[in-house]
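The sequence and the model are shown first.

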Amino acid sequence: MAYENIIVETRGKVGVISLSAGKLNPLSKQLLRELMDAMKTFEADDNILCIVIFGNDEVFCAGANIKEFASENFVDMFSQNRFGEETEAFRNCRKPIIAGVNGYALGGGCELAMNCDMIVAAESAQFGQPEILLGLMPGLGGSQRLTRAIGKAKSMEMHLTGRRMSAREADQAGLVSKVVPDADLKEETMAVANKITEQAPLAVMAIKEAINQSEELPLREGLLLERRLFHALFATEDKNEGVQAFIEKRKANFTGK
């Protein structure tokens, strides 16, 4: 697929996707199609162990392309199952996905960031779900993921008033993993991604699966899943290499086997 709304590149073992759909990076249907295609390509590449999504120099993504869906009705949205495939694309990707967010991450942009496994935020980042101002509500997971991340009270307020959350507040509320100066966003985000690529790939995938399932499983079943994945990793060569490297006080050389 030829990309018109994103820029895709490989940096070592990290696949980097930068949104380039314009000043505010409106989240159009075409941008989402391109994003899913790039993610699937990186997912299929054994040399890529982590994926990073950036915006442009000013914003991450200010939300959906409102003009694009202004004329659409219930039949259009329901028959197309709008955002169903996109949500599953993130869920089905077994490699970690990091969002490096600067400027606006509003509406669909906030949901796009939350669909990733973690968020590194620049000091300028602003998060919000302002769909209520259009007489709408989130459709890409905002009401569910934001509530799980920051709790019912703050989520309810943000959804019902359209209030934005600063990077610092998002950090305190648990929405983002860290806040960094704007000038350091790409470097700091890539540092996290590169650190992940140094780990045992099978263990990384197992941990991602266990943590994501923790949002849906009862504690007893989640503990069982964790224990079984833990047991399974004892069948890997990387487990033997990691333990031996620790004993020998050297850096492990993981191979994903």
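## Helix packing and aromatic contacts

Helix 1 and helix 4 run roughly parallel to each other. This description applies to a predicted model. The axes of helix 1 (residues 29-44) and helix 4 (residues 84-92) come within 10 Å and cross at roughly 20°. Because angles under 35 degrees count as roughly parallel, the crossing at roughly 20° places helix 1 and helix 4 in that class. The crossing of these two helices is left-handed. On the side of helix 1, the contact involves Leu32, Leu35, Met36, Met39, Lys40 and Glu43, which meet Glu85, Glu86, Ala89, Phe90 and Asn92 of helix 4.

The aromatic side chains form a second topic. A pair of aromatic rings is described by the distance of the centres and the angle of the planes. How many aromatic pairs does the count give? The count comes to two aromatic pairs. One of them joins phenylalanine 74 and phenylalanine 78, whose rings are stacked, with 5.2 Å from centre to centre and 15° between the planes. Phenylalanine 74 and phenylalanine 78 lie four residues apart in helix 3 (residues 74-80), and therefore about one helical turn separates them. The rings of phenylalanine 230 and phenylalanine 234 have centres 5.1 Å apart and planes at 75°, so this pair is edge-to-face.

| Residue | Relative accessible area | Class |
|---|---|---|
| Phenylalanine 74 | 59% | exposed |
| Phenylalanine 78 | 61% | exposed |
| Phenylalanine 230 | 48% | partly exposed |
| Phenylalanine 234 | 49% | partly exposed |

Because exposed means over 50% relative accessible area, phenylalanine 74 at 59% is classed as exposed, whereas phenylalanine 234 at 49% is classed as partly exposed.

A further aromatic ring takes part in an arrangement with a charged group. The charged end of lysine 186 sits over the ring of phenylalanine 54, at 5.7 Å from the ring centre.

Is isoleucine 247 buried or exposed? With a relative accessible area of 55%, isoleucine 247 is exposed. Isoleucine 247 and threonine 197 are separated by 50 residues in sequence, and their C-alpha atoms are 22 Å apart in space.

Terms used:
Residues are numbered from 1 along each chain as its sequence is written. This is a predicted model: local features need pLDDT of at least 70, side-chain atom pairs count only at pLDDT 80 or more; totals for chains, interfaces and linings use all residues. Side-chain values use heavy atoms; hydrogens and water are left out. Rings of Phe, Tyr and Trp (its six-membered ring) pair if their centres lie within 6.5 Å; planes under 30 degrees apart count as stacked, over 60 as edge-to-face and the rest as tilted. Buried means under 20% relative accessible area, exposed over 50%, partly exposed in between (1.4 Å probe, protein chains only). A charge sits over a ring if NZ of Lys or CZ of Arg is within 6 Å of the ring centre and within 35 degrees of the ring normal. Axes are lines fitted to C-alpha atoms, for helices over the stretch in contact, and angles run from 0 to 180 degrees between N-to-C directions. Angles under 35 degrees count as roughly parallel, over 145 as roughly antiparallel, 65 to 115 as roughly perpendicular and the rest as oblique. A crossing is left-handed if the near helix is turned anticlockwise from the far one by less than a right angle, and right-handed if clockwise. Contact means heavy atoms within 4.5 Å.
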